[in-house]
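Hello,

Here is the structure we talked about handing over. Please have a look at it first, and then read on for what turned up.

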Amino acid sequence: MSSFTEDKLILVLHNLGIPSHLKGYIYLKEAIIIYEEQCLITKSVYRYLANKYNKSVSSIERAIRNAIEIGCLRSDFIFFEELFGASINADNGKPTNLQFIATVKEQLKII
């Protein structure tokens, strides 16, 4: 990893309420690392993970979205709001997968 450690990433994901037993947690953690190292767009990250884990692109995207949704329900709302602020979708109260990945990646650069 280039600008952050995996330990910091794990800490942020856990602080955001994402349980490590979810498949989406594993995919999300790896997606953030890949997004940081290779500056790939989200669809390329999904494709890479789908090939690596022999899953469909849609199942990777869905697992990540599910992990984010669970994190939104379980996390400390104040921490979540401070981190994501205006990037949270007003209609459903959670960031998109891309917003989540990009925001966590940026947050990791400053902690």
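**Salt bridges and the core**

Glu-6 is partly exposed, with a relative accessible area of 35%. Its partner in a salt bridge is Lys-29, and the closest N and O atoms of the two are 3.0 Å apart. Glu-6 belongs to helix H1 and Lys-29 to helix H2, so this pair ties together parts that lie 23 residues apart in sequence. Lys-29 is buried, at a relative accessible area of 18%; the cut-off for buried is under 20%. Please keep in mind that this is a predicted model.

How many salt bridges are there in total? The count comes to six. Side chains of opposite charge can pair when their charged atoms come close.

The side chains of Glu-30 and Lys-52 meet in a salt bridge, at 2.6 Å from N to O. With Glu-30 in helix H2 and Lys-52 in helix H3, the pair links distant parts of the chain, 22 residues apart. Glu-30 is buried, with a relative accessible area of 14%, whereas Lys-52 is partly exposed at 47%.

Within helix H4 you will find a local pair. Glu-61 and Arg-65 form a salt bridge whose closest N and O atoms are 2.7 Å apart. The two residues are four apart in helix H4, so about one helical turn separates them. Both ends count as partly exposed: Glu-61 has a relative accessible area of 22%, and Arg-65 is at 32%.

Now for the nonpolar side of things. The largest nonpolar core has 31 residues, and those with the most contacts inside it are Leu-28, Ile-32, Phe-100 and Val-104. Which helices supply at least two residues each to this core? They are H1 (6-15), H2 (23-38), H3 (42-53), H4 (57-74), H5 (77-84) and H6 (97-110). H2 gives the most, with eight residues.

Leaving aside neighbours within four places in sequence, Val-104 is in contact with Leu-9, Val-12, Leu-16, Ile-32 and Phe-84. Of these contacts, Ile-32 is also one of the residues with the most contacts inside the core.

Best wishes

Key: Residues are numbered from 1 along each chain as its sequence is written. This is a predicted model: local features need pLDDT of at least 70, side-chain atom pairs count only at pLDDT 80 or more; totals for chains, interfaces and linings use all residues. Side-chain values use heavy atoms; hydrogens and water are left out. A nonpolar core is a set of buried Ala, Val, Leu, Ile, Met, Phe, Trp, Tyr and Cys residues joined through side-chain atoms within 4.5 Å. Buried means under 20% relative accessible area, exposed over 50%, partly exposed in between (1.4 Å probe, protein chains only). Contact means heavy atoms within 4.5 Å. A salt bridge is a side-chain nitrogen of Lys or Arg within 4 Å of a carboxyl oxygen of Asp or Glu.
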